[in-house]
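Have the structure open while you read.

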Amino acid sequence: MSDSPVISLHDVSFTYRTQISRKPNFMEAVRNAGRGQRSTKLVHALKNVTFDVAQGEVLGIVGANGAGKSTLMRAIGGIVPPDEGEIRVRGEISALLALGVGFNPQLSGRENVILAGLATGLSREVVEEQYQAIVEFAEIEEFMDMPMRTYSSGMYSRLGFAVATNMNPDILLIDEALSTGDAHFKEKSSQRIKELKDSAGAMVIVSHSMATLKELSNRLLWMHKGEVIATGEPEKIIDAYSKFLKVGNINAVMEDF
Ligand SMILES: Nc1ncnc2c1ncn2[C@@H]1O[C@H](COP(=O)(O)OP(=O)(O)OP(=O)(O)O)[C@@H](O)[C@H]1O
Ligand SMILES: [Mg+2]
């Protein structure tokens, strides 16, 4: 069984539907007298996305802002159900999504860590044990009793990273978590990721840092406007993506594939 993929997406599509009310102009206001103008804005964030992540593989994801990377991570993490297609995941997921998803900012760091542990089904004792390891890794001991809304974004992501990587996940989803830590924490977290590579079943890492992706990933996937443009060797994808960032034209780069 171990040669079947750990994560498998087949033809996955997802559309955000947002109700917006816009101010009517004068004529519309007269025509609709009293009735508010409402419309639904659709964003096709994922379009027929298909790929697998094999046992032991670290898949990096690149793409411009709004390409659908975080949406993809939420879909894999089971936070947004796809409208179409199928997502199969083998094992327990620890999702370290865009900064602090899952944390309640009104609660203290300590309370959030305990809740996160209990939520993954761990016993109280195991959670207490892990608590110490988490705090040590995050190095924010003196802030653990403060509400998390008072944390700097780096502190927030330190704790998120420490929690997610201490739960011994089979699957680790990391979205931008490495980008807000300071240089010391960045180094420490890429070290941790390298250690987890051996024990975790699979990892998916979203980052805008090509250096990070090159260092950690076995393979890269490039997303653009909800679609998978290409997957392949990190070097090759980074070259094409960097070229695209410079030229701004996807077709010019596609010839390379
Ligand atoms: N909660 C939401 N409601 C409505 N639209 C959303 C929501 N979240 C994201 N979107 C839209 O979906 C598209 C993809 O967004 P997503 O956050 O997945 O991009 P991303 O690749 O993670 O970008 P970034 O590099 O900026 O993090 C964007 O057009 C965005 O406006
Ligand atoms: Mg994102």
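Ligand shell, sheet and core

Q: Which element gives the largest share of the shell around ligand 1?
A: That's α2, with 3 residues. This is a predicted model, where local features need pLDDT of at least 70, side-chain atom pairs count only at pLDDT 80 or more, and totals for chains, interfaces and linings use all residues. Residues are numbered from 1 along each chain as its sequence is written, while chains are lettered from A and ligands numbered from 1 in the order in which they are written.

Q: What makes a residue part of the surroundings of ligand 1?
A: Its C-beta atom, placed from the backbone, has to lie within 6 Å of the molecule. Residues surrounding ligand 1 include Tyr 16, Val 43, Gly 66, Lys 69 and Thr 71. β1 (7–21), β2 (38–53) and α2 (69–76) each give two or more residues to the shell.

Q: How do the residues of that shell divide into nonpolar, polar and charged?
A: You get 4 nonpolar, 7 polar and 1 charged. Ala, Val, Leu, Ile, Met, Phe, Trp, Tyr, Cys and Pro count as nonpolar, Asp, Glu, Lys and Arg as charged, and the others, Gly among them, as polar.

Q: What makes β1 and β2 a pair?
A: Pairing takes at least two bridges found by DSSP between two strands. β1 and β2 have 12, in the antiparallel sense, so they count as paired. One example is Tyr 16, whose bridge partner in β2 is Val 43.

Q: Why are β2 and β4 said to stand at the edges?
A: The open sheet runs β2-β1-β4, with antiparallel pairing. β2 and β4 (84–89) each have a single partner strand, so one side of each is left without a neighbour in the sheet.

Q: What are the strands and helices here, by definition?
A: They're DSSP runs numbered from the N terminus: helices are H or I with at least four residues, strands are E with at least two. The chain has 9 of each.

Q: Which residues touch the most other members of the largest nonpolar core?
A: Ile 61, Val 204 and Ile 205, out of 60 residues. Such a core is a set of buried Ala, Val, Leu, Ile, Met, Phe, Trp, Tyr and Cys residues joined through C-beta atoms within 7 Å. Buried takes 20 or more other C-beta atoms within 10 Å of a residue's own, placed from the backbone (exposed is 12 or fewer, partly exposed in between). Helix α5 (residues 153–166) gives the most to this core, with 7 residues.
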